[in-house]
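Biologist: I have this model open and would like to go through it slowly. Could you take me through what was computed for it?

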Amino acid sequence: MKLKDEEIVKLLSAPQTVEKGLRAMMDTYQSRLYWHIRRLIVDHDLAQDVLQDTFIKAYQNIHQFKSDSKLYTWLYRIATNESLQQLNKMNRMKKTDEDAEYHMQNLVADNAGKDAEEIQILLQKAIQILPEKQKLVFNMRYYDDLPYEEISKILDMSVGTLKTNYHYAKDKVEQYIKDNYSEEF
């Protein structure tokens, strides 16, 4: 049985129930956070590491959680920040942005299952070439189906800015797929 956010926070706040609270938080949000991170990071092992870092950071900072937002909104924000730090670290290791983009697109193909549909691989490649903000907004809206108001809290951006970023991202993804579908497959 999954606990409500208030119950999880209460368990995490008391030393004698912190372990139960951690397990409840992980049981409740692990899958959703993993897939959010995985769509940004692409690599399974790195996504697992970032997920672990997310839960550690949440545990260490639970006293800073304000109940004016949902727990998952707070966790998504931590996961997003941890993912961006990992992406920045990966990009610094690459010589140029073009090398990083090429690396991320190859990572998509390498991490796709053998039965992955070709169009899904192409979609992931298209997402990897988006600018960082557009990629974040697109993933949260398209895959996580989060309302703009929640994304606004997670990314600390206005709803208008988010809608603009999503619109541009969607157009770029559509154009990339149109330009590359017949070429690659």
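Modeller: Let me begin with a term: accessible areas here come from the Shrake-Rupley method with a 1.4 Å probe. With that in hand, and keeping in mind that this is a predicted model, the accessible surface of the protein comes to about 10900 Å², of which 48% belongs to carbon and sulfur atoms.

Biologist: And what share of the residues counts as buried?

Modeller: Of the 185 residues in the protein, 45% count as buried.

Biologist: What about contacts between residues that lie apart in the sequence?

Modeller: If we take the contacts between residues at least 6 apart in sequence, 60% of them join residues at least 24 apart.

Biologist: Let's go to the start of the chain. How do α1 and α2 cross?

Modeller: In general, two packed helices are described by the angle between their axes and the distance between the axes. For helix α1 (residues 5-13) and helix α2 (residues 18-41), the axes come within 7 Å and cross at roughly 145°, and the crossing is left-handed.

Biologist: Which residues make that contact?

Modeller: From α1 they are D5, I8, L11 and L12, while α2 brings V18, K20, G21, L22, A24, M25, T28 and Y29. Sorted by class, the contact of α1 with α2 has 8 nonpolar, 2 polar and 2 charged residues.

Biologist: New topic, then: how many residues does α7 have, and how far does it reach?

Modeller: Helix α7 (residues 132-143) has 12 residues and reaches 16 Å from its first C-alpha to its last, which is close to the 16 Å expected at 1.5 Å a residue. Its buried residues are Q134, K135, L136, V137, F138, N139 and M140, and just after the helix, D145 takes a positive phi of about 55°.

Biologist: Why does N139 count as buried?

Modeller: N139 counts as buried because its relative accessibility is 0%, and buried means under 20%. Leaving aside its neighbours within four places in sequence, N139 is in contact with R39, L40, I127 and D144.

Biologist: And helix α8, how many of its residues are buried?

Modeller: Helix α8 (residues 148-155) is mostly covered, with 6 of its 8 residues buried, namely Y148, E150, I151, S152, I154 and L155. After α8 comes D156, whose phi is positive, near 55°.

Conventions. Residues are numbered from 1 along each chain as its sequence is written. This is a predicted model: local features need pLDDT of at least 70, side-chain atom pairs count only at pLDDT 80 or more; totals for chains, interfaces and linings use all residues. Side-chain values use heavy atoms; hydrogens and water are left out. Helices (H or I, at least four residues) and strands (E, at least two) are DSSP runs, numbered from the N terminus. The expected span of a helix is 1.5 Å times one less than its number of residues. Buried means under 20% relative accessible area, exposed over 50%, partly exposed in between (1.4 Å probe, protein chains only). Contact means heavy atoms within 4.5 Å. Axes are lines fitted to C-alpha atoms, for helices over the stretch in contact, and angles run from 0 to 180 degrees between N-to-C directions. A crossing is left-handed if the near helix is turned anticlockwise from the far one by less than a right angle, and right-handed if clockwise. Ala, Val, Leu, Ile, Met, Phe, Trp, Tyr, Cys and Pro count as nonpolar, Asp, Glu, Lys and Arg as charged, and the others, Gly among them, as polar.
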